[in-house]
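Hello,

Here is the structure I promised to pass on.

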Amino acid sequence: MRVLIVGAGSVSGGAAIAAARKLNAEIIATTSRAENLKDCAHTIHGIDLENPSAVDLILADKTLREGAVDYIIYVPARGMVGIAIEEAEPGMIEPSLAYSVRPYLKLHSILKPKRTIALSGFITMPELMKIYGAMSFTKIAMESLAVRNPSALQVIRIGMFHSNSVRGIMILAQRRFMRDPDYQPEWRAEWKASGKRFPDFFYSKNYAAEEATYRSHSNGQEFRPTEASDIENGFRMALSGEKQPIINVLGPWIWTENTMPELPEAIKSRLHFIPSDLKL
């Protein structure tokens with residue numbers, strides 16, 4: 001098995017590497033940095049998805065072209081966060097799609113792997129809708145593409161875990177609270193009443209929401225926050241041939257789905273933000 005992991009230097013990328021390695025895969029990984037990535041057969045350096053030619057640079061790699069790619073794992077994602085979903089504007093969506101979705105669709109169309117796997121989150125929870133902003137529509141687009149093309153695309157939804165990207169969202173939310181007294185007044189009151197530092201409040205509130213919302217999928221296991229080893233389990237499941245287009249990973253709770261969730265009105269009324277040309 002030959003696996004291309006795009007954006008392998010992150011926490012999720014490391015989990016993807018660990019999963020592929022345990023399945024004895026040949027791993028080709030990309031990074032924006034200059035050093036080789038541990039446990040990978042080959043590293044493609046200097047891949048910055050801000051660069052419009054990033055996909056062409058990946059495809060031009062000699063080692064990559066030496067054989068077929070069985071799976072693509074695409075980790076990078078970026079978009080306007082730290083705002084409520086109601087504050088998202090149509091102009092915020094395309095830059096996010098250009099970084100987070102369109103590159104893996106192009107890679108898939110050219111490399112023709114068995115499956116391309118991307119990452120999403122539990123963004124329809126009311127708590128995340130208050131802070132996930134325009135990025136929500138990128139994740140909905142990813143999931144919808146996978147549901148419509150289940151033999152080609154797959155999405156792993158991951159619970160909140162400690163990473164640079166989640167820390168960045170938390171910092172943006174905290175800054176907004178500090179400068180805008182009218183932003184999420186219920187959250188503000190709850191935070192002040194808790195007596196907690198904002199980072200502690202942020203994580204604990206979201207963990208509590210995850211547990212309450214998805215307890216029906218616990219299968220008798222106690223809830224705990226998602227860790228890198230859980231994400232690795234999700235990738236291992238995907239690389240082992242799981243056919244359902246959506247794999248949910250929430251701590252030790254793992255389940256699959258083949259349909260989109262019921263979307264809140266705040267998302268449904270703005271689905272036209274997602275361009276109609278976004279297709280496999």
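The second largest pocket has a volume of about 150 Å³, taken as the space filled by probe spheres set on grid points joined across faces, edges and corners. A pocket here is an open set of points on a 1 Å grid over the protein atoms alone, where a 1.4 Å probe fits, with protein on both sides within 12 Å along at least five of seven lines; lining residues have an atom within 4 Å of a point. This pocket's lining counts 13 residues, with Ile 140, Ala 141, Ser 144, Arg 148 and Ile 274 nearest its centre.

Do keep in mind that this is a predicted model, where local features need pLDDT of at least 70, side-chain atom pairs count only at pLDDT 80 or more, and totals for chains, interfaces and linings use all residues. Residues are numbered from 1 along each chain as its sequence is written, and side-chain values use heavy atoms, leaving out hydrogens and water.

The largest pocket comes to about 1,000 Å³ in volume. Its lining is made up of 42 residues, and Ser 10, Val 75, Pro 76, Ala 77 and Ser 165 lie nearest the centre.

Thr 31 is buried, at 4% relative accessible area (buried means under 20%, with a 1.4 Å probe and protein chains only). Beyond its neighbours within four places in sequence, Thr 31 is in contact (heavy atoms within 4.5 Å) with Leu 37, Thr 43, Ile 44, His 45, Gly 46 and Ile 47. A polar atom of the Thr 31 side chain also lies 3.1 Å from the backbone nitrogen of Arg 33.

Best wishes

Key. Buried means under 20% relative accessible area, exposed over 50%, partly exposed in between (1.4 Å probe, protein chains only). A polar contact is a pair of N or O atoms within 3.5 Å; within protein, one must be able to donate a hydrogen and the other to accept it, and residues adjacent in sequence count only if both atoms are side-chain atoms.
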